[in-house]
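Colleague: Could you walk me through this structure, one question at a time? I am new to reading these.

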Amino acid sequence: MAQEHGFIEDAASTLQMRNFYFNRDFRDSGAPKAKAEEWAQGFLLNAQSGYTQGIVGIGADLIGGLGVKLDSGDGRAGTLLLPNDGDGSADEFSSLGAAAKLKISKTELKVGELLPTLPILQYDDARLLPQTFQGAMLTSKEIPGLTLNAGQMRSFTQRNSSDREDMFIDGRAFATSDRYNYLGSEYRFNQDRTMLGLWGAQLEDIYHQRFIQFTHKQPLGAWTLGANIGLLDSDEDGQANAGQIDNRSFYTALSASVSGHTVMAAWQRMYGDDGTIWLSPTTTVLPSDIQVRNFASAEEKAWQLRYDYNFAAMGIPGLNAFVRYVKGDNVAVAGGNGGNGGKEWERDFDVSYVIQSGPLKNVGLRWRNAMVRSNFGPSVNDKRLIINYSLALF
């Protein structure tokens with residue numbers, strides 16, 4: 001171990017500032033309100049120590065967030081940028097958490113406030129501040145190419161809240177659990193171009209889940225071809241406090257990239273009596289879990305086309321844009337006419353730019369625009385303007 005490495009020497013701290021304008025227009029004639037519209041400023045402190053020297057390295061991380069209301073109103077609240085205090089959105093909210101960490105060789109244990117980024121458990125960061133979890137995560141990379149993961153989460157803090165809560169699945173918040181357990185392995189080979197992942201998870205007395213994933217990237221002349229295939233299988237667990245669960249979610253996504261261009265096509269299919277099961281409001285691994293919808297209702301079939309362009313290929317570094325279209329049908333609609341007549345589609349346009357020089361260097365601007373139409377769920381127009389800036393404190 002190099003002598004210059006240590007608890008202080010490898011420490012890093014950043015303050016991320018996020019200015020977020022959110023507007024969602026509800027297009028259905030019977031919608032309870034015309035729109036949700038708010039503007040807020042967020043501050044996220046992320047401080048990470050290095051490890052002490054020796055056989056067992058010891059360190060600590062700190063995560064703190066503050067959200068401040070800039071503009072809202074009783075009739076426009078509900079964007080999930082801010083907590084609801086009963087009379088509309090609160091003026092501010094904050095949270096603070098720490099994690100202890102240990103490292104032996106290439107094995108690391110973290111206990112405390114966490115931001116998991118695993119295929120089977122990925123925190124949500126689509127609003128002002130990120131969702132955080134409280135628990136333990138173990139990661140081991142002792143065998144070349146093989147990463148082993150294990151962990152237990154005991155609670156989470158919602159992205160617009162300061163409170164720690166028991167966990168629940170989307171659509172069934174009446175049943176909660178304080179034990180989310182997972183095991184997983186990912187093996188990378190073929191010069192890291194190919195990956196096979198196997199995962200298992202359990203939200204105690206609610207559901208258990210298995211996930212298999214295969215990814216591959218293949219250079220072909222100036223092109224890079226990609227494939228991402230996955231199967232997520234979910235059933236009820238133990239006391240089945242959320243009721244019976246029956247879902248198998250299959251997806252395949254194929255991509256091709258050359259110069260600044262990337263084209264992706266994906267197919268997603270739900271099997272069983274339920275849609276995809278996931279902790280709410282985490283981000284799922286499904287390719288069609290996008291800006292507004294995830295196209296994961298019971299028996300739904302969905303296909304997606306997406307085109308990305310990196311303008312660095314034209315001599316404009318920092319500018320990126322993409323457009324995508326997802327269409328779903330065959331949705332099993334409960335009540336009403338029933339059957340599999342549910343249909344929906346979403347079109348997204350996303351452009352971002354990071355300023356490359358001058359006094360505003362590294363300031364990022366992002367415009368996100370989505371249009372959703374559905375015959376069984378809300379039809380909305382969704383617009384988001386986000387300004388980001390990260391300041392390195394040390």
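Colleague: How many helices and strands does the secondary structure of the protein chain come to?

Modeller: This is a predicted model, where local features need pLDDT of at least 70, side-chain atom pairs count only at pLDDT 80 or more, and totals for chains, interfaces and linings use all residues. Residues are numbered from 1 along each chain as its sequence is written, and side-chain values use heavy atoms, leaving out hydrogens and water. Helices (H or I, at least four residues) and strands (E, at least two) are DSSP runs, numbered from the N terminus. On that basis the protein chain has zero helices and 23 strands.

Colleague: What radius of gyration does the protein chain have?

Modeller: The radius is taken over C-alpha atoms, and the globule rule is 2.2 Å times the number of residues to the power 0.38. For 394 residues, a compact globule would come out near 21 Å, and the protein chain agrees with that, having 22 Å.

Colleague: What percentage of the residues in the protein chain is buried?

Modeller: Buried means under 20% relative accessible area, exposed over 50%, and partly exposed in between (1.4 Å probe, protein chains only). Of the 394 residues in the protein chain, the buried part is 43%.

Colleague: Which strand gives the largest share of the lining of the second largest pocket?

Modeller: A pocket is an open set of points on a 1 Å grid over the protein atoms alone, where a 1.4 Å probe fits, with protein on both sides within 12 Å along at least five of seven lines; lining residues have an atom within 4 Å of a point. Here 22 residues line the second largest pocket, and Glu108 and Met137 are among those nearest its centre. Several strands each supply at least two lining residues, including strand 2 (35-48) and strand 9 (146-157). The largest share, four residues, comes from strand 5.

Colleague: What is the phi of Asp205?

Modeller: Asp205 lies in the loop between strand 14 and strand 15 (207-220). At 24% relative accessibility, Asp205 is partly exposed. Asp205 is not a glycine, yet its phi is positive, about 65 degrees.

Colleague: Which residue does a cis peptide bond join to Ser280?

Modeller: Omega is about 5 degrees for this bond.
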